[in-house]
Structure formats: structure tokens, C-alpha cells
Amino acid sequence: MPDHIDVPIRDWLYEVLRTYDMATPVAVRLKLHSRFLKSRDPNAELANLDDRMNPMLRLDVIDATLGCVQQALQGAGWKDLQMAASIARQLEGILREGDSAFTVSEDGGRLERRIDETLHATYDKAVDAGASKTETAADHLRAAFSEAYGLKPDPSAAYSRAIKAVEAVANPLFLPNAPEPTLGKVRGHLDQGRHKYEMAISDKTGAPAGIDAVVAMISLLWHGQRDRHEGGPTSAPVTQEAAETAVHTAAILVHWISSGSIRKK
């Protein structure tokens, strides 16, 4: 946590922990030593927690606080939800103005690593486009982003969710009658039927472009998930870089498919 935002973050943490009585759920979620809850002011203990041996612990407390507040307010009234949203925006303001490497997630329930605004705008458009077809695609894309850019990334889960996001919009469009559609089968369908489809964008002749780029991107996404099956000669864990690439590839594909950029001739 940068020194120049240390005090504002401590003040924010203390106020949220005290207002929502979050010391116990946060300490339990993080499996902290019982001495914190036995102290005279557990809220102050957590807000001032600073472990030089574990510099991420401070971020863990912030992340857990956001998550516990969100969990506690499930099913709450509009006024309470608006207050929670306001608290999340206040924290985001501190992090943004302080040039922190972290930001508050879209739903206000966790911390995420901050990424380039242009990339985030592409992701946002993909979520909106996916939601216009099926909320499932948007949900998978949001989850993929959180798994890739969360405080504790899970590359394997992020990659898997990215594929599911594309499948949610591609399977009904390209394989409407298939009993067990997959992205691999979508890839095969488009690969063999390139002459049946075109892009909304034009090629160098001014005619609608072919779908070679789409087939290549789907192939990249499908074949790149090397942990889908264990025991093979090319099986390998998904790296963080691969997961991030998969999430943004999926975002582009979801946007293209949902917006009609890929169409039948």
C-alpha cells in the first residue's frame, strides 16, 4: 500500500468495519489470530494491521472487508445497497487518485488489479453485448475477469470461464441443434463452413471479409487451454499471462458474435 494513501485507507477501513460490525467476519475469513478479536478495539486493530513480513495482508483485509459487506447485504433494501455502493466508490476514489495498482471490482465486492482503461472499455462492451444475448455470457465474462485480475488470481478458473463465455453466445448461434455443443465443435463448424459466413468488416477489395480471423481466435482459445485434460504429453498448468490473453480474446469474440459482426452470407 503506497505511503501517500496509507492514512486515508486506514480511516476508510476503520469506518466500514465499525459501521457494519465487520471485524469478526473479516478476521474469520482471513483466519487471523484470535488476539485481534480479543483486543479492546478489534476494528482499529484490523484497520491498522501492517505486517512487513506479509505486505499483501493489508490488501487482504480490504478485499475481505468488501466481500463481507457485500455478503452481509444480500437481500438488503435499496437504501442499504446504495450506501454500500457509496462506500465502494469512496475507496475506489482513494485508490484511483493515489495511483494504486488496484481498483474496486465493478460489483464492489473485491479488489482487482487495475488494467489499461482501453482494455477495460473493450471488456465492458463485451459484457454489455453478451448480456444482450444471454446473461450467462456476461456472468461468465465477469467471473473470468475477476479470476484473472483478482487479488489472488486463479488462471485455470479464469481460462475456463473465458471459454464458457464464448460458448454461451456461440453454441446457440452456430450449433442450435447439437446435443452437446462445445467451443471445439463451434471451431470445427466454422472451419469447415468458412464459405457460409462473412464479417461485417470489409477486406482489401471492399467485399465483406472472411472469417479466418474468427476461426484463428477460437482455435487459439480452444487449443491454449492446456490443463483441460491431465496426463497428455502437452498438458500443462495455465499461466497468468495465458489466462489474461484468454479473457481478452473471449471478450472480443463475445462482442463480435453478440453484435452480429459474424453473419451468414
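Helix H11 covers residues 212-223 of this predicted model. Its 12 residues, at 1.5 Å a residue, should span 16 Å, and the end C-alpha atoms are 16 Å apart, which agrees. The expected span is 1.5 Å times one less than the number of residues. Helices (H or I, at least four residues) and strands (E, at least two) are DSSP runs, numbered from the N terminus. Residue numbers start from 1 along each chain as its sequence is written. In the predicted model, local features need pLDDT of at least 70 and side-chain atom pairs count only at pLDDT 80 or more, while totals for chains, interfaces and linings use all residues; side-chain values use heavy atoms, with hydrogens and water left out.

Val214, Val215, Met217, Ile218, Ser219, Leu221 and Trp222 of H11 are buried. Buried means under 20% relative accessible area, exposed over 50%, and partly exposed in between (1.4 Å probe, protein chains only). The cover over these buried residues includes H9, H10, strand S3 (197-199), helix H12 (240-259) and strand S4 (262-264). Contact here means heavy atoms within 4.5 Å. The charged end of arginine 228 sits over the ring of tryptophan 222, 3.9 Å from its centre. For this assignment, NZ of Lys or CZ of Arg must be within 6 Å of the ring centre and within 35 degrees of the ring normal. Arginine 35 lies over the face of phenylalanine 36, at 4.2 Å from the ring centre.

Leucine 190 touches Phe174, Tyr197, Ile211, Val214, Val215 and Ile218, not counting residues up to four places away in sequence.

The search of the whole structure finds 2 aromatic pairs. Rings of Phe, Tyr and Trp (its six-membered ring) pair if their centres lie within 6.5 Å; planes under 30 degrees apart count as stacked, over 60 as edge-to-face and the rest as tilted. The rings of phenylalanine 145 and tyrosine 149 have centres 4.8 Å apart and planes at 35°, so this pair is tilted. Both residues lie in helix H8 (residues 135-149), 4 residues apart, about one turn of the helix. Both phenylalanine 145 and tyrosine 149 are buried. For phenylalanine 174 and tyrosine 197, the centres are 5.5 Å apart and the planes at 80°, so the pair is edge-to-face. This pair links distant parts of the chain, with phenylalanine 174 in helix H9 and tyrosine 197 in strand S3, 23 residues apart. Phenylalanine 174 and tyrosine 197 are buried.

Threonine 182 lies in the loop between helix H9 (155-174) and helix H10 (183-192). Its relative accessibility is 25%, so threonine 182 counts as partly exposed. Beyond four places in sequence, threonine 182 touches Glu167, Asn171, Leu175 and Trp222. Its side chain reaches the backbone nitrogen of lysine 185 at 3.1 Å. A polar contact is a pair of N or O atoms within 3.5 Å; within protein, one must be able to donate a hydrogen and the other to accept it, and residues adjacent in sequence count only if both atoms are side-chain atoms.

Threonine 103 is found in strand S1. At 11% relative accessibility, threonine 103 counts as buried. A polar contact of 2.6 Å joins its side chain to that of glutamate 92. Serine 100 is in the loop between helix H6 (78-97) and strand S1 (102-104). Serine 100 is buried, at 7% relative accessibility.

Most residues other than glycine have a negative phi. Aspartate 21 is in the loop between helix H1 (6-20) and helix H2 (23-30), and is exposed at 59% relative accessibility. Lysine 31 occupies the loop between H2 and helix H3 (35-38). Lysine 31 is exposed, with a relative accessible area of 72%.
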